[in-house]
Amino acid sequence: MADTLFIGLSLASILLLVALGLSIIFGSMGVINMAHGELAMIGAYTAVLSGIYLHLNLIAAIPLAFLVTAGVGWLIERLVIRHLYKRIMDTLLATWGIALLLQQAIRLQFGATFFGVNIPGLGTGLQNVSLPAFFQQSWKIGDFVIQPYRSFIILVTIALAVATWALLYKTRWGIQVRAIMRNPEMAAACGIDVRKVSSMTFAYGSGLAGVAGVLLAGFKTVSPEMGATLVVDGFMVVVVGGVGSLVGTAAAAGILGEINGIVSLVSNDILARAVVLALVIGVIMWKPTGLFNFKGR
Amino acid sequence: MKLRLTTRGALEAAAYGTFILVILLLPTVADVFWLNRFAKYLVYGMLGIAVALSWGYAGVLNLGQGLFFGLGAYMVAMTLKLQSETSMQQGADTPIPDFMAWNSQPGALKDLCCIAPGSWLWIPFQSQAFGIAMVLLVPTAVAFLIGWSIFRLRISGVFISIITLALVLLVRLLIVDWQPVTNGFNGLTDLGWLTFGGFEFDPYVVPTYYLVAFGTVAVLLLTRLLVATRAGLVLQATRDDANRARYLGYDVARYQVFFFTVSGLIAGIAGAFYVIASEFASPTFLDLTFSVSMVVWAAVGGRNSLLGACIGAILINTIQATVSESEMLAEAWKAIIGLIFVLVVLFLPRGIAGLARDIAMRLAALLGRGTPAAQPLQKSE
């Protein structure tokens with residue numbers, strides 16, 4: 001049981017990283033980023049490629065993946081999202097198109113296979129990132145087995161969650177983001193460059209997704225479609241936790257991750273997902289603003 | 001309703017007329033193989049109509065339209081499965097789904113009552129009339145219940161999209177998990193043919209194409225008439241400003257529930273037609289990608305136009321099928337459709353229909369008849 005809870009917690013951690021990014025982006029810009037899972041996928045591929053070409057190990061790939069996905073996110077915001085601020089529902093559709101594009105671009109290796117060029121490490125093949133030897137052993141304390149990699153995931157997530165909190169509540173940028181969350185027009189009237197802050201916000205949220213991707217790459221097959229389910233799960237967490245609430249997002253990720261883990265233990269994976277979905281629907285029906293929302297509109 | 005033939009109305013009537021004529025005359029040029037394919041595209045066209053109705057007219061972005069499609073598909077597939085003679089040939093006294101026979105305990109009574117837990121649910125589907133009634137009833141009832149819960153609670157915007165998305169995934173999981181009754185991942189295959197008054201609707205004959213074609217035309221015209229009624233106008237008013245419509249004294253939720261239900265029913269009928277044309281039903285009908293694809297079709301065709309969304313769906317699928325002939329292009333196509341979608345959302349929010357309408361109005365104005373093109377364009381949400 002303790003093992004299950006532990007694994008549940010590590011899964012919840014990755015979910016939290018995905019959801020944090022989504023939540024900040026949705027909270028401050030109202031944008032539903034359907035390409036968020038694909039950003040995580042790009043993070044995972046960054047880990048694979050940097051391992052092959054730069055001989056970086058997984059830990060070193062984390063900051064690199066953060067920068068790469070943040071860059072991609074920044075581009076997406078500049079090229080597409082920026083033009084849709086007046087049509088929020090349309091961002092959902094546009095980012096879905098971007099998601100398809102990114103997924104297919106990786107599968108087609110940026111179109112290189114079209115011209116007969118093959119890039120090792122990209123494409124449909126089943127990639128797996130090898131973990132540093134340090135992570136492959138397991139420690140025992142009494143009866144309790146600690147898998148170092150799972151602990152590492154949890155630690156990275158805690159670190160990033162704390163960093164995000166500090167960014168949002170202790171820096172100038174954070175104050176501006178929170179002002180935009182409350183009221184973009186008023187924030188602009190007070191002299192905040194909403195566009196600039198928004199593209200930074202989008203880039204930061206995307207970067208978090210990239211880190212989640214790297215962590216996933218450590219124990220899951222890396223494939224072009226690995227991000228597709230991630231965005232749905234991430235959104236469930238955001239909605240249950242309450243948009244724009246850091247604590248809520250963290251709690252919701254924990255709750256949904258653990259419920260998933262426990263139900264799959266007593267019955268099966270399929271029913272576990274079904275239970276989570278049913279729960280999410282129930283929460284939206286009962287409290288559309290989320291379980292932990294501080295914001296009254 | 002007074003009939004005033006404006007330039008715009010005349011153009012619209014011409015577009016509808018041309019479309020219907022093309023569909024009905026297609027069998028004179030295409031062989032049965034292509035007709036069967038095209039019947040499926042018409043089904044996708046119906047889905048486009050369903051999406052345009054709920055998204056364009058009601059302002060409700062339903063990301064779970066596949067739920068109703070899937071329900072309709074499964075209802076008709078269950079009754080057609082019992083028309084299949086496979087199980088009788090394998091020694092059963094009454095038709096039972098082959099997968100139940102394969103999975104049953106040795107020595108179990110080979111009858112629908114008790115061959116598998118829950119298999120009794122199949123018993124009424126021995127009657128084809130019951131199956132067809134269920135096609136109409138089940139999606140309608142489910143859509144009504146969902147719509148009623150959502151709109152009575154005044155849930156709006158993104159939250160509706162997330163609820164419908166979660167629902168379609170939930171039902172998909174239940175179907176997959178309920179293996180003994182639904183055959184899980186594999187879905188229902190080896191179906192018999194729909195028989196009506198002694199005529200068997202083999203998917204590869206012309207009358208089957210006409211069955212689907214007439215169905216599509218009927219759905220298209222009825223929906224077009226429906227949105228022009230008073231209720232349809234109230235619905236559009238609600239889309240533009242729900243509170244204003246409420247202050248004007250309309251029970252907004254009632255209109256929303258009604259049209260949400262109609263949209264679900266259309267998707268359910270589409271599912272049934274799809275099964276008749278393609279001879280299988282599977283949980284992939286409830287995949288998220290499929291539901292979002294429908295939205296893509298409607299967006300490209302024109303979300304505010306029933307005909308546009310319908311044509312958009314048919315067009316995209318026809319191109320896709322042509323392109324899929326070569327494997328390399330098929331993969332590239334998915335990237336292209338992603339790109340097209342982004343571009344359409346950015347630069348052509350009213351889709352092909354909006355573009356066609358603008359061009360036609362310009363032309364009409366140039367030709368010097370009717371009102372000039374300078375008129376308020378439909379608001380895109």
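Predicted model: local features only at pLDDT ≥ 70, side-chain atom pairs only at ≥ 80, totals over all residues.
**Entry 1: chain B as a whole**

I began with the overall build of chain B. Its secondary structure comes to 16 helices and two strands. I then looked up the extent of the chain: along the principal axes, the C-alpha atoms of chain B fill a box of roughly 80 × 50 × 45 Å. Next I checked the radius of gyration. A compact globule of 381 residues would have one near 21 Å, and chain B has 22 Å, so the two agree.

I also wanted to know how much of the chain is tucked away. Of the 381 residues in chain B, 45% count as buried. As for contacts, I took those in chain B with a separation of 6 or more, and 76% of them join residues 24 or more positions apart.

**Entry 2: a helix in chain B**

I picked out α12 of chain B, which runs over residues 252-278 and has 27 residues. From first C-alpha to last, α12(B) reaches 39 Å, close to the 39 Å expected at 1.5 Å a residue. Just past the end of α12(B) I noted B:E279, which takes a positive phi of about 60°.

**Entry 3: a helix in chain A**

I did the same check on α1 of chain A, residues 2-29. Its 28 residues should span 40 Å at 1.5 Å a residue, and the end C-alpha atoms are 39 Å apart, which agrees. Here 22 of the 28 residues are buried, so α1(A) is also largely enclosed by the rest of the structure.

**Entry 4: where the chains touch**

Then I went to the contact of the two chains. It takes 33 residues from chain A and 37 residues from chain B. On the chain A side, the elements giving two or more residues are α4 (88-107), α10 (228-241) and α12 (269-286). Which of them gives the largest share? I found that it is α4(A), with 13 residues. By class, the side of chain A that touches chain B has 27 nonpolar, three polar and three charged residues.

Last, I looked up two backbone angles. B:R154 has a positive phi of about 60° although it is not a glycine. I placed B:R154 in the loop between α6 (128-152) and α7 (158-177) of chain B. Buried or exposed? B:R154 is exposed, because 12 other C-beta atoms lie within 10 Å.

B:D190 is not a glycine either, and has a positive phi of about 55°. I found B:D190 in the loop between α8 (179-182) and β1 (194-196) of chain B. With 15 C-beta neighbours inside 10 Å, B:D190 counts as partly exposed.

Notes. Residues numbered from 1 in each chain as written. Chains lettered and ligands numbered in written order. Helix = DSSP H or I, 4+ residues; strand = E, 2+ residues; numbered from the N terminus. Expected span 1.5 Å × (residues − 1). Contact = placed C-beta atoms within 7 Å. Nonpolar A, V, L, I, M, F, W, Y, C, P; charged D, E, K, R; others polar. Rg over C-alpha atoms; globule rule 2.2 N^0.38 Å. Buried ≥ 20, exposed ≤ 12 C-beta atoms within 10 Å, placed from the backbone.
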